[in-house]
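Subject: Structure handover

Hello,

I am passing on the structure below, together with notes on what turned up in it. Please look it over when you have time.

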Amino acid sequence: AAVSSIQSFELCEDPSFWKDHNVQVIIRMRPLSNNEISVQGNNKCVRQESCQTISWTGPPEARFTFDLVADENVSQENLFKVAGVPMVDNCMEGYNSCMFAYGQTGSGKTHTMLGDIEGGTRRHSVNCGMTPRIFEHLFSRIQKEKEVRRDEKLKFTCKCSFLEIYNEQILDLLDPSSSNLQIREDSKKGVYVENLKEMEVTNARDVIQLLVQGAANRKVAATNMNRASSRSHSVFTCIIESQWDSQGVTHFRFARLNLVDLAGSERQKSSGAEGERLKEATNINKSLSTLGLVIMNLVGISNGKSHHVPYRDSKLTFLLQDSLGGNSKTIIIANISPSICCSLETLSTLKFAQRAKFIRNNAIVNEDASGDVIAMRLQIQQLKKEVSRLR
Ligand code: ADP
Ligand code: MG
C-alpha cells in the first residue's frame, strides 16, 4: 500500500539526508489533471510503494528506489522543507549547491522550481515554488546569523544571474539585448559566463522581481523565435559571499547556488524538420543527451573504470560541470506524470534518475583567510580529476 506523504516528509527531515552522498535524487509525481481523469479515469502508469520506492506498472513491472519519492499529495511547502532548507543550510556553510528539475514537458518542472511566483512568497500562495521559498529562507538565515554573531565586520553579498540555453546559445534573461554569451574557465572564478548581468539582491522580493522579469523575457524570446519555452534550459544562479574578521585576518566564504529548469526530456521529433527546426531539434537533444552521457560516464568513474566525461560537449554540461561530479551538493528532482498516456516517457525519466543516483560529488567548503587558497584547492581538485581520468 502507498505510504502517506506525511511519512515521506518525516523521513527527509532526517538531518542525515545529505550525509552519505552529495547527490540526492527525488522523484516528484504530479497529480492527474482533470482532463486526464475525464478521458482515462484514475488509471496510472506508476504506483508509489513507499517513501523511497516506486513501481512502473509495466508490462513488465519495474521497481525503482530513490532518496525520496514524493507523490501528488506532497505540497510545495513540504518539498521545500525536504530539499530546499538543507540546500540553503549547505550554502550558508560554504558549499556550492545545485538543484535540477528534469522531466518531460507538462510533468511539473516549472511548478516545482518556480510555481506561482506572481503571488509573492510562501505567505501569499500555497503554489509558490522552490526558488522563492529558498531565497526567503536564505535571507532569514542571513538575518539570524547577523543577530547571533553581532559582528560589525560580518558582511553578506548575494548576486544573481538568470540565463537561458536554447539551441546551444546562451541568452541573458536579465539583459535580453546581449546575445551569444560565451562560457569561460578561470582558475579563480571557476566556470562562468562572460558578460552575464549580475544583480545584487538583499531580500526575497528582489529575487522574485528578477524571476518575474526573467520569465517575461523568456516568453518574449520564445515568441520572437517562434518556439516553445519548454525547449530551453533556464539557469538561475546566486553567488553568496560572506566576509568577517577574526584575530586580525579577513575570512572569506562563498557558495554558488544553481537552480535549473531543464528543457522537456521527451524525444524531439526531428523527422520532417528542416533548417532551423532540424538544428534546433539536434541541439536540444545535444544538451540533454550530453547530460545523460556525462552522468553515465561519471557512474563509470565511480565504479573504478576510466572514462572521458564529455562536459565540454554541450553548453549545459560545461556550465554545470561542478554540479555533476564536481564541487557541489546536488539535488535532482525528476518530475513524472502518472498518466498512462505518458507511460513510456515516465519510464525513461525513472531510468535517467536511477543512473543519476550513482553520481558521487566531492563537495568542499569554499572558505579561507585568503581567496587564493580556495583557488589552489580548486586546482588541486581539478588535477585529481585529471589523474583519475588518466588512470
Ligand atoms: P513543465 O514545466 O514540466 O512543463 P509545469 O510545471 O508547467 O510542467 O506543469 C504542468 C501543469 O501541471 C501545470 O498546470 C501545473 O500547475 C500542473 N502541476 C504540475 N505539478 C503539479 C503538482 N505537484 N501539483 C499540482 N499541479 C501541478
Ligand atoms: Mg516548464
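I start with the ligand site. Of the 13 residues around ligand 1, the nearest are R30, G108, K109, T110 and H111. Helix α4, residues 109-113, supplies three residues of the shell around ligand 1, the largest share. By type, the shell around ligand 1 is made up of nine polar residues, three charged and one nonpolar. Please keep in mind that this is a predicted model.

Next, the sheet. Three strands form an open sheet in the order β2-β3-β4, and their pairing is antiparallel. Strands β2 (46-48) and β4 (62-65) are at the edges, each pairing on one side only. From one strand to the next, the twist averages 25°. Strand β3, residues 53-56, runs antiparallel to β4 and is joined to it by four bridges. Within that pairing, I54 has F64 in β4 as its bridge partner.

Finally, the chain as a whole. The chain contains 15 strands and ten helices. It has 391 residues, of which 40% count as buried. Taking contacts between residues at least 6 apart in sequence, 70% join residues at least 24 apart.

Regards

Terms used:
Residues are numbered from 1 along each chain as its sequence is written. Chains are lettered from A and ligands numbered from 1 in the order in which they are written. This is a predicted model: local features need pLDDT of at least 70, side-chain atom pairs count only at pLDDT 80 or more; totals for chains, interfaces and linings use all residues. Two strands pair if DSSP finds at least two bridges between them. Helices (H or I, at least four residues) and strands (E, at least two) are DSSP runs, numbered from the N terminus. Axes are lines fitted to C-alpha atoms, for helices over the stretch in contact, and angles run from 0 to 180 degrees between N-to-C directions. A residue is near a molecule or strand if its C-beta atom, placed from the backbone, lies within 6 Å of it. Ala, Val, Leu, Ile, Met, Phe, Trp, Tyr, Cys and Pro count as nonpolar, Asp, Glu, Lys and Arg as charged, and the others, Gly among them, as polar. A residue is buried if 20 or more other C-beta atoms lie within 10 Å of its own, exposed if 12 or fewer, and partly exposed in between; C-beta atoms are placed from the backbone. Two residues are in contact if their C-beta atoms, placed from the backbone, lie within 7 Å.
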